[in-house]
Amino acid sequence: MISKHGLAELDELFELPVEAATAATRQGGVVAAVPATPRLLVPENPALSTKGILRRRSAPIMGYVGLNGQGKTFSMIRDSLLSLAIGRRVLSTVTILDPATGEPHPNFERFTSWEQLHDFRDGDVLLDEITGIMDARDSGMPKHVRRLLPQMRRANVMVRWTGIDFDNTDRRLRQLSQAVVRCRGHFPNSKLVRGEGVRDAVSMWAPNRAFVLTTFDAQTLTDSGDARALTEDSERKRRAKVLNREFVWGPKDLTFQCYNTLDSVSAVDNSCRVCGGKPVEKTCRGH
């Protein structure tokens with residue numbers, strides 16, 4: 001267990017660049033005040049290119065799974081900030097903010113229709129809460145999207161999605177995902193005061209402060225029940241290969257300035273742009 005003093009010391013263990021402040025550094029026994037690195041979306045910011053982030057960005061199609069408040073949306077956006085910093089466009093169902101202004105980032109584009117994928121190039125696609133769009137129990141992914149997703153490499157597009165559970169996600173998307181991140185949150189801050197002076201009354205929804213992001217190889221996780229292999233339990237005979245593990249201390253992370261955790265996720269429309277009706281997907285029963 002970590003004491004209250006230990007939690008305070010985590011700010012030093014997971015030190016990140018801070019805004020408009022000064023940092024003290026010792027040079028030959030003399031303490032000199034130097035400007036700290038601004039918390040901006042620039043490629044030079046080391047917080048945007050940690051070892052864990054770079055490892056996860058090596059997978060063109062990546063999934064993030066976990067229960068509500070466990071950090072899956074946080075992790076997905078955190079892995080995408082480097083794309084904004086280098087000028088790539090981000091097509092997302094969750095609004096990405098510019099931390100310098102608090103307004104939507106200039107390179108952010110709201111994802112509202114599957115038709116947007118056809119002309120999208122040189123950018124990242126973020127699908128938050130994918131089970132509401134491509135649930136394994138529903139019709140799932142539209143037919144034209146099933147044909148398009150495997151060709152995202154030709155358009156230089158990276159796809160990241162989040163969901164509560166790996167098994168409940170559309171089967172085709174599971175097959176195309178190279179890796180999946182299991183997100184776990186710890187040390188909820190039940191004393192946090194949200195907007196308008198409202199204090200968190202239910203500890204279950206209190207925001208977590210520490211996150212453990214474990215990346216697994218998803219190439220063999222395509223069958224029903226494979227989510228049980230996303231474990232490190234030595235007693236299980238079948239376990240997914242762990243590719244990377246990262247510990248993140250949230251309170252000082254730049255990511256929380258780039259999106260609103262309580263903001264709603266936009267729905268992706270599959271209706272026809274001409275008549276407004278939904279395309280009928282016919283199934284051949286053989287002749």
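**Exercise 1.** In which loop is the place of T50, and which residues does T50 touch beyond four places in sequence?

*Solution.* The model is predicted, so local features require pLDDT of at least 70 and side-chain atom pairs pLDDT 80 or more, whereas totals for chains, interfaces and linings use all residues. Residues are numbered from 1 along each chain as its sequence is written, and side-chain values use heavy atoms, with hydrogens and water left out.

Step 1: T50 lies in the loop between strand 2 (30–35) and helix 2 (51–57); helices (H or I, at least four residues) and strands (E, at least two) are DSSP runs, numbered from the N terminus.

Step 2: Not counting residues up to four places away in sequence, T50 touches R78 and E246, where contact means heavy atoms within 4.5 Å.

Step 3: T50 and E246 are 196 residues apart in sequence, yet their C-alpha atoms are 9.3 Å apart in space.

**Exercise 2.** Determine how strand 4 pairs with strand 6 and with strand 5.

*Solution.* Step 1: Two strands pair if DSSP finds at least two bridges between them.

Step 2: Strand 4 (residues 89–92) and strand 6 pair in the parallel sense over four bridges. The partner of L91 in strand 6 is V125.

Step 3: Strand 4 also runs parallel to strand 5 (residues 108–110), joined by three bridges; here V90 stands opposite F108.

**Exercise 3.** Identify the residues that touch the most other members of the largest nonpolar core, and list the contacts of V125.

*Solution.* Step 1: A nonpolar core is a set of buried Ala, Val, Leu, Ile, Met, Phe, Trp, Tyr and Cys residues joined through side-chain atoms within 4.5 Å. Buried means under 20% relative accessible area, exposed over 50%, and partly exposed in between (1.4 Å probe, protein chains only).

Step 2: The largest core has 27 residues, of which F111, L117, V125, L149, V159 and W161 touch the most other members. Strand 7 (157–163) is among the elements that supply at least two residues each, and strand 7 gives the most, with three.

Step 3: Leaving aside neighbours within four places in sequence, V125 is in contact with L91, F111, L117, F120, V157, M158, V159 and R160.

**Exercise 4.** Where are N156 and F187, and what are their phi values?

*Solution.* Step 1: N156, in the loop between helix 4 and strand 7, has a positive phi of about 60° although it is not a glycine. At 40% relative accessibility, N156 is partly exposed.

Step 2: F187, in strand 8 (residues 179–188), has a positive phi near 55° and is likewise not a glycine. With a relative accessible area of 27%, F187 is partly exposed.
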